[in-house]
Amino acid sequence: MAFPERFSNLPDYAFPRLRTLIDRLTPGGAPLAMTIGEPKHAMPDFVGPILAANLAGFGVYPPNDGTPELLENIAAWVQRRYGVTLAENRLMVLNGTREGLFNALIALSPESKNGQKPAILMPNPFYQVYAVAALTIGAEPVYVPATAATGHLPDYASLAPELLDRVTVAYICSPANPQGAVASRAYWKTLLALAEKHDFQIFADECYSEIWRTAPPPGILEVAQEVGADPERVLAFHSLSKRSNLPGLRSGFVAAGVQSMIRLRKLRAFAGAPLPLPLQRVAEAAWADEAHVAASRALYQAKFDAADRIFAGMQGYASPEGGFFLWLPVEDGEAATIKLWTETGVRVLPGAYLSREAGGQNPGKNYIRVALVAPQAETERGLNLLRDCIYG
């Protein structure tokens, strides 16, 4: 039996790889998971009552693009957060943003550009769905280093013009997963100008936008409006998973230009997985409420402060501007992960599992990613164990 070759070089996904690496080994203490970006803060209080009041909604097919109320509340949130007014025909509800980040490339990237194979830009390290989406459409994934030397954001402007001329889409994540770097207004402006010059779209993954240290990160929608960019150049992806501690709700949205949205919605009608109606009702309330977001953000800020204190003076430590991960330098990510697990029971993720080798180097090889999602006391316990085990 023949199978497709397009995914033949894909490594196992990060978490199965981690299980293969350490599950055969005995933990050296009470296990503490600091691996996956799964928020553990309390869900908003309104989730249960709204679900209970809308159980009958599981008995009907949900609206594919989102209920009018949900689209209205998302538009209102975008206006409050970014000062950008979007009509509902520029918004679509997603069954988790991973769906949108994947399917948008299928819907919008052309089969060729300037007579050549299309190229898809992505930071390295990166959220792994970017690469799988590129391979799915037969494009070339181009892994662009996002290291300390570039402020942990990819320097797309440094790429060769002949490469940029066959780029159809550039993915960018801000705040970045895993490093927590935030794209400034100047960064967004440079990227928008590059997209205009070389005629490609920007897929902005802003799922961590509401978890920040001192100031809300600027978003691509507001900067695009400031510079008068073509709305078709920009797609912005947002989620309730991190913002509202609702990863299991699988609810997000994409904002795009009208023509792009027509194509997104058409593909969704054939191949999408719309969010069940009771969950859309919960999402309506979540986008309309900021109190639970502020409370959760304060908890993350306290963990950031603890990390700064615990790792004070450590060479290579960089306090993240946003998100909820630490990106910690080590001699070897896999070796550090094994040592930490077998000596303390703390479970982290090797940085190489989030990146690819490009130009003979894997920019994640000498890092581990640490998720600050556990309660404060557990987080501090884990960070102290990590410091003493790896850096002591």
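Tutor: The expected span of a helix is 1.5 Å times one less than its number of residues, where helices (H or I, at least four residues) and strands (E, at least two) are DSSP runs, numbered from the N terminus. This is a predicted model, in which local features need pLDDT of at least 70, side-chain atom pairs count only at pLDDT 80 or more, and totals for chains, interfaces and linings use all residues. Residues are numbered from 1 along each chain as its sequence is written, and side-chain values use heavy atoms, with hydrogens and water left out.

Student: What span should the 14 residues of helix H7 have?

Tutor: Helix H7 (residues 185-198) should span 20 Å at 1.5 Å a residue, and its end C-alpha atoms, 20 Å apart, agree with that.

Student: Which residues of H7 are buried?

Tutor: Buried means under 20% relative accessible area, exposed over 50%, and partly exposed in between (1.4 Å probe, protein chains only). The buried residues of H7 are Tyr-187, Trp-188, Leu-191, Leu-192, Leu-194, Ala-195 and His-198. On the other side of H7, Ala-186 and Lys-197 are exposed.

Student: How many salt bridges does a search of the whole structure find?

Tutor: Side chains of opposite charge can pair when their charged atoms come close. A salt bridge is a side-chain nitrogen of Lys or Arg within 4 Å of a carboxyl oxygen of Asp or Glu, and the search finds 21 of them. Among them, Arg-347 pairs with Asp-23, the closest N and O atoms being 2.7 Å apart. This pair links distant parts of the chain, 324 residues apart. Arg-347 counts as buried because its relative accessibility is 15%, whereas Asp-23, at 42%, counts as partly exposed.
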